[in-house]
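Hi everyone, thanks for coming.

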Amino acid sequence: MRPTDAGVIARYRERLPIPHNASAVSLNEGNTPLVRLNSLSDDQREIEIFAKVEGANPTGSFKDRGMTVAISMAAHEGSEAVICASTGNTSAAAAAYAARAGMKAIVIIPDGQIALGKLAQAMMHGARVIQIAGNFDQGMEIVKAISQKAPVTLVNSVNPFRLHGQKTAAFEIVDTLLRCPDYHFLPVGNAGNISAYWMGYSEYLETGDLARRPVMVGCQASGAAPFVQGTPIERPDTIATAIRIGKPQSWALAQAACEESAGWFLGRSDEEILAAQRHLAQNEGIFCEPASATSVAGVMLALGESAIPNGSCVVCTLTGQGLKDPDTAISQCPEPQRVSPQIDAVHDAILD
Ligand code: F0G
């Protein structure tokens with residue numbers, strides 16, 4: 001592949017609603033690894049579990065897939081500025097792609113509730129960062145209202161181009177596995193991504209690239225689990241700040257994906273989410289952020305409840321890179337040992 005042929009628009013253009021004369025604003029996103037999770041797969045039961053490692057995208061999360069399409073279209077339509085509310089990853093992607101397009105980015109984030117790496121990204125890419133003393137859901141209402149009256153393009157996943165970009169992850173999974181997974185687990189916050197995957201699998205079904213679609217399982221943090229509770233919630237709370245969301249914007253689409261696929265939503269506690277994050281880091285060599293580990297915590301629950309039949313192929317999406325949230329990672333690990341800079345001292349310490 002030539003470098004200019006990389007990126008989800010170059011690779012899947014005919015499946016995206018982009019005019020021929022629109023040029024792609026791309027950072028060569030997509031084409032992320034699909035890694036077999038050996039520690040969770042079960043040879044005897046012929047259960048294979050794979051992780052779609054979306055943290056390998058240019059800004060470290062799956063948001064790049066949607067942002068390349070949303071920003072390309074905003075640029076094509078002559079927009080000079082974009083706006084979003086974000087728990088961190090959308091703001092990082094919006095800031096990076098806007099910088100690449102020569103556009104202004106305005107990002108609204110919940111005060112004190114975004115991981116440090118994501119804040120650094122938005123700031124470094126030159127976005128106008130506004131912190132509100134409120135949560136993501138309040139930020140969403142504000143940016144929806146502002147984009148109605150000011151000349152700025154809204155690039156949250158209510159922008160339909162975002163979902164079209166994100167659906168390409170489903171295409172890649174099928175193109176790599178050369179089959180349809182039986183189950184697909186993914187973290188659910190604002191509910192755009194589960195809707196996008198379902199759109200991708202459904203489009204492959206329509207064009208005959210698939211004979212059936214996977215069962216979709218939406219994984220939420222118990223403290224921010226409106227789908228599990230069946231109703232929006234006012235004060236979501238979880239250590240997985242990326243999915244600290246009580247009023248998902250794509251509620252109806254996500255609900256439909258779950259129902260049409262005969263899937264379900266589940267909730268996992270913060271402890272279970274962090275245990276899954278550590279499990280991946282320490283047994284698979286994959287460092288994902290806490291919200292991403294929710295999908296693996298969900299797989300672990302389903303395996304424990306024998307909800308996954310023998311012979312199944314399971315994919316879980318790891319939505320974001322662990323380096324984005326160093327504080328949460330460090331807080332769950334033992335402190336590095338401090339010793340004097342002498343061979344004997346270090347020798348003693350490592351034999352301890
Ligand atoms: N995982 C990560 C790492 C995320 O950043 C998000 C959403 C999700 C999962 C949930 O995806 O919203 O499509 O259901 N982050 C948004 C943001 C809300 O602002 O970065 P979803």
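Let's start with a term: a polar contact is a pair of N or O atoms within 3.5 Å; within protein, one must be able to donate a hydrogen and the other to accept it, and residues adjacent in sequence count only if both atoms are side-chain atoms. A quick word on the source: this is a predicted model, where local features need pLDDT of at least 70, side-chain atom pairs count only at pLDDT 80 or more, and totals for chains, interfaces and linings use all residues. Residues are numbered from 1 along each chain as its sequence is written, and side-chain values use heavy atoms, with hydrogens and water left out.

Now the contacts. A side-chain N or O atom of Lys-63 is 2.9 Å from a nitrogen atom of the ligand. On the backbone side, a polar atom of Gly-189 is 2.8 Å from a ligand oxygen, and a backbone N or O atom of Asn-193 also lies 2.8 Å from an oxygen atom of the ligand.

So how much of the ligand does the protein bury? Taken alone the ligand exposes 470 Å², and 99% of that is buried by the protein (areas by the Shrake-Rupley method with a 1.4 Å probe).

Who is around it? The ligand is surrounded by 20 residues (a heavy atom within 4 Å), and Ser-86, Asn-190, Ala-191, Asn-193 and Thr-319 are the closest.

And where does the ligand sit? In the largest cavity, meaning more than half of its atoms lie within 2 Å of the grid points. A cavity here is a set of points, on a 1 Å grid over the protein atoms alone, where a 1.4 Å probe fits but cannot get out; lining residues have an atom within 4 Å of a point. The volume, which is the space filled by probe spheres set on the points, is about 320 Å³ for the largest cavity. There are 27 lining residues, with Phe-62, Lys-63, Gly-189, Asn-190 and Ala-242 closest to the centre.

Definitions and conventions
On a 1 Å grid over the protein atoms alone, a cavity is a set of points where a 1.4 Å probe fits but cannot get out, and a pocket is an open set with protein on both sides within 12 Å along at least five of seven lines; lining residues have an atom within 4 Å of a point.
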